[in-house]
Structures are given as C-alpha cells and as structure tokens.
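Colleague: I would like to go through the labels used for this model and hear what stands behind each of them.
Modeller: Go ahead, and ask about one label at a time.

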There are 2 protein chains.
Amino acid sequence: MSKQATLDFWFEFASSYSYLSVMRIEALAARAGVTVRWRPFLLGPVFLSLGWNDSPFNIYPPKGRYMWRDLERLCARYGLPLRKPSVFPRNGLLAARVALLGQDKAWIAEFAKAVMSGNFAEDRDISDSAVIGEILTRLGLPADDLLAQAGSAGNKAALHGQTDEAGELGLFGAPTFVVGKELFWGNDRLEMALEWAAGHA
Amino acid sequence: MSKQATLDFWFEFASSYSYLSVMRIEALAARAGVTVRWRPFLLGPVFLSLGWNDSPFNIYPPKGRYMWRDLERLCARYGLPLRKPSVFPRNGLLAARVALLGQDKAWIAEFAKAVMSGNFAEDRDISDSAVIGEILTRLGLPADDLLAQAGSAGNKAALHGQTDEAGELGLFGAPTFVVGKELFWGNDRLEMALEWAAGHA
C-alpha cells in the first residue's frame, strides 16, 4: 500500500504569484488526490540572505513591469480578480502569524484565500489588525483570541523558526512546493508538483 | 482576413532554459500555425544593466541548485538529453554572431539546435570556432565563409544592435517570446505565447 500523497505549500501573503497558487491549490490538489500542508513563511529574511532588501520586482524594474502584466494575463486565464495593490509588497507579517496558528487546521485555506483576495483583489491593507480581525470574524473564528495568540512571543518565534526552515530547505522565492526532497518553485510548477506528489506517494 | 501569426523568439546560447525552448519551438509553432522569427542576443549586457556580472544562477547559489534540478526534471519530461556543462555559462558570442547571419534563413533552427545540443547534451565548448565550424559543415553550410562573415565589423555591430533592441523591448532574461507588445518570459511561457500569437494574428 502506498502512503497518502502530501505536498508542502510554502507561501507568503505579500507575494503576487503566491496569490495565484493560494486560490488554485485546493481544487487541483483534490483532483490529484494530494493532501496539502500549508506552510506560511516570510520572504523578507530569505531575500535578505540573497542580498535583496526589497522585492526583486521593485529592485529590477523590467522584472516588475513584466510581473504585473504576466499576473494580469494569468488572472484572466484563471478567472481570478486582480486589483494592483497600491502598496507592494504589503507587510504580510501579521497574516503569517495568524496563518501559522491555523496551518494544520481546517480554516487555513479559507483564511489564506480571504487575505490574498484582500491584498490582490480588493487592495486592502493586510498588515492592519482590523482587516485581519474582520476576516477571522467573517470565517466564524474568535478574532480577538487569535490575534492575541498570533502576537505571543512563542508564536513569533515559531514563525521565525519556520522561515529559517524555508531557507534550510533551499527556498529562494514563493510559492514553492516541496515533495520529499524535491522543490518546485513558482505558481507555474503547481501542477507538476502535484503530479510528482501523486506519483511518488 | 487575418495576417500570418508570428512570434519573435529571443534566445541566448548560454542559457539553460533557452536550450529547452530551442529544442521544442519548431514542433509546437507548426502545430499552432505560428511563424517563428529567431532572434539571438547576448544576455551578458542585459544582465550587466541589471547589476549582474555573471549568471544569476551563479550569483545566487540556491537559485542555481534549483535550476539544475528543475532542468533535469524538465528534460526527462520532454525526452531531451542533458549533460551538465562543465563550464556555465559558456560564452555564446561566436554562436550568436553566426546565428545572426542565419536568423531569417532556413538553416537557423537546425543550427541553433546543434549548438544547444553541443552545450547542454554533449558538453562541448561552443565558444571554439572549430566546434561551430564542424556544426556548420555538418549542416552542409560554407563554414569558413560564415565564420569570416560572423567576425566582420558589420556583423559584430549588428549583434550589439540586436542586443540593445532586446533591452529596449524590456527583456531581462531568456528565452523571451514577443508577440506585438506582449512579452512572455521563460520556457514555461512558450505554449501561452504561441496561443497568444495564434489568437491575435
């Protein structure tokens, strides 16, 4: 008997291509018979270790111009809404701290999709605790409790630890899909990563 | 009546993902009914304008490690041979100068495929005029004449001009497919670019 196929989905709330994968992964994983382990992390420290103190899409203007047009075309293709965020990259720290609390709970997918929609479809400030609290409440979750837990010293340290783990795994961008020792970088690799997970379970 | 669908294919002989597209584009373009205009250029000056004096795959080791594994998986998927070049990136200048002479001639595809196979499947030094000459001869072309023309002042200047044009178009990597004002970056976008060209002719 083969064991259950799983895939680790590393994402960052500020990341434009993570938006696409957060919105797409559930349906595709269900069809492929693959269980997704959601793994929020912070791109900032990973980028710093590569010498970037901002998004490469800001540091390298031609890459940035291309990315926004590419994102627009891909959103049209996937039927996803897009409103270019008035601030990029937005600070995803608070959202990541909350997501960490729920990463192995049933609500993670709905929470992640709501935050991503806030950032990339509604141009909302996802670093604002009122915005995150409103999303939690809308999902029927105890917003005040979760925001308090999110800001606890233990949870802050756990997110740093998870971000360190991302670096140790060799991640250099988001989204990244990890299946065993195989990395698949970018929304473009989501289908291939799921296929790999299903085929190597 | 719609006009003939065309796509400009910008590639660099040193580029690993350009290898994949050079080997794949003819069959896919024929199926899509799209005419390909082959456009060799030099990534070096483009990278320099972004502040990189080497391949980003060398400057950023995690990106480099990932790229070689990704390339291996993609070659397996496409049924393409791969032998990691002992020198990376190889100097593609001579090959690009020769390719420029033939970019609108019938032999460009066969020449580009032979050079790419030399670099990425046979670990040959494509900067060596003996290697390029041997490829030209094998294709039934006048190797000595073409190598002499390739090194002429006019042809050298023309390749610089074509590389400047790449920068003006907003290119920042290779391969890049250009359809009208739309850029599609990376081997991953080949199919989408062909679809776009066919749909917007």
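Colleague: Why is A:Leu93 called partly exposed?
Modeller: This is a predicted model, so the count rests on predicted positions. A:Leu93 has 17 other C-beta atoms within 10 Å. Buried would need 20 or more, and exposed 12 or fewer. The count of 17 falls in between, so A:Leu93 is partly exposed.

Colleague: Where is A:Leu93, and what does A:Leu93 contact beyond its sequence neighbours?
Modeller: A:Leu93 belongs to helix 5 (residues 93-102) of chain A. With neighbours within four places in sequence left aside, A:Leu93 is in contact with A:Leu42 and A:Ser127. The C-alpha atom of A:Lys156, 63 residues apart from A:Leu93 along the chain, is separated from that of A:Leu93 by 9.5 Å.

Colleague: What makes A:Gly133 partly exposed?
Modeller: A:Gly133 has 17 other C-beta atoms within 10 Å. That lies between the limits of 12 and 20, so A:Gly133 is partly exposed. A:Gly133 sits in helix 7 (residues 129-138) of chain A and touches A:Ala143 and A:Leu147, not counting residues up to four places away in sequence. A:Gln149 is 16 residues apart from A:Gly133 in sequence and 13 Å apart in space, C-alpha to C-alpha.

Colleague: How do you know that strand 1 and strand 2 of chain A are paired?
Modeller: Pairing takes at least two bridges. Six bridges join strand 1 (residues 6-11) to strand 2 (residues 35-40) of chain A, so the two strands pair, and they run parallel. One of the bridges has A:Leu7 with A:Val36 in strand 2 of chain A as its partner. Between strand 1 and strand 2 of chain A the chain passes through helix 1 (residues 16-32) of chain A, in a right-handed β-α-β crossover.

Colleague: Which strands stand at the edges of the sheet in chain B, and why are they called edges?
Modeller: The sheet of chain B is open, with four strands in the order 2-1-3-4 and mixed pairing. Strand 2 (35-40) and strand 4 (182-185) of chain B each have a single partner strand, so one side of each has no neighbour in the sheet. On average, neighbouring strands of this sheet are turned by 25° against each other, direction ignored.

Colleague: What makes strand 1 and strand 3 of chain B a pair?
Modeller: Three bridges join strand 1 (residues 6-11) and strand 3 (residues 176-179) of chain B, and the limit is at least two, so they pair; they run antiparallel. B:Trp10 stands opposite B:Thr176 in strand 3 of chain B. Helix 10 (residues 190-199) of chain B packs on the sheet and touches strand 1, strand 3 and strand 4 of chain B. The direction of helix 10 makes about 10° with that of strand 3 of chain B.

Colleague: How do you know that the copies meet through the same surface?
Modeller: Of the interface residues of chain A, 100% are also interface residues in chain B, so the surface is the same. The contact takes 11 residues from chain A and 11 residues from chain B. Helix 4 of chain A gives the most to the side of chain A that touches chain B, with four residues. By class, that side has seven nonpolar, one polar and three charged residues.

Note on methods:
Residues are numbered from 1 along each chain as its sequence is written. Chains are lettered from A and ligands numbered from 1 in the order in which they are written. This is a predicted model: local features need pLDDT of at least 70, side-chain atom pairs count only at pLDDT 80 or more; totals for chains, interfaces and linings use all residues. Two residues are in contact if their C-beta atoms, placed from the backbone, lie within 7 Å. Ala, Val, Leu, Ile, Met, Phe, Trp, Tyr, Cys and Pro count as nonpolar, Asp, Glu, Lys and Arg as charged, and the others, Gly among them, as polar. Axes are lines fitted to C-alpha atoms, for helices over the stretch in contact, and angles run from 0 to 180 degrees between N-to-C directions. A crossover is right-handed if, with the strands pointing away from the viewer, the path from the first strand over the helix to the second runs clockwise.
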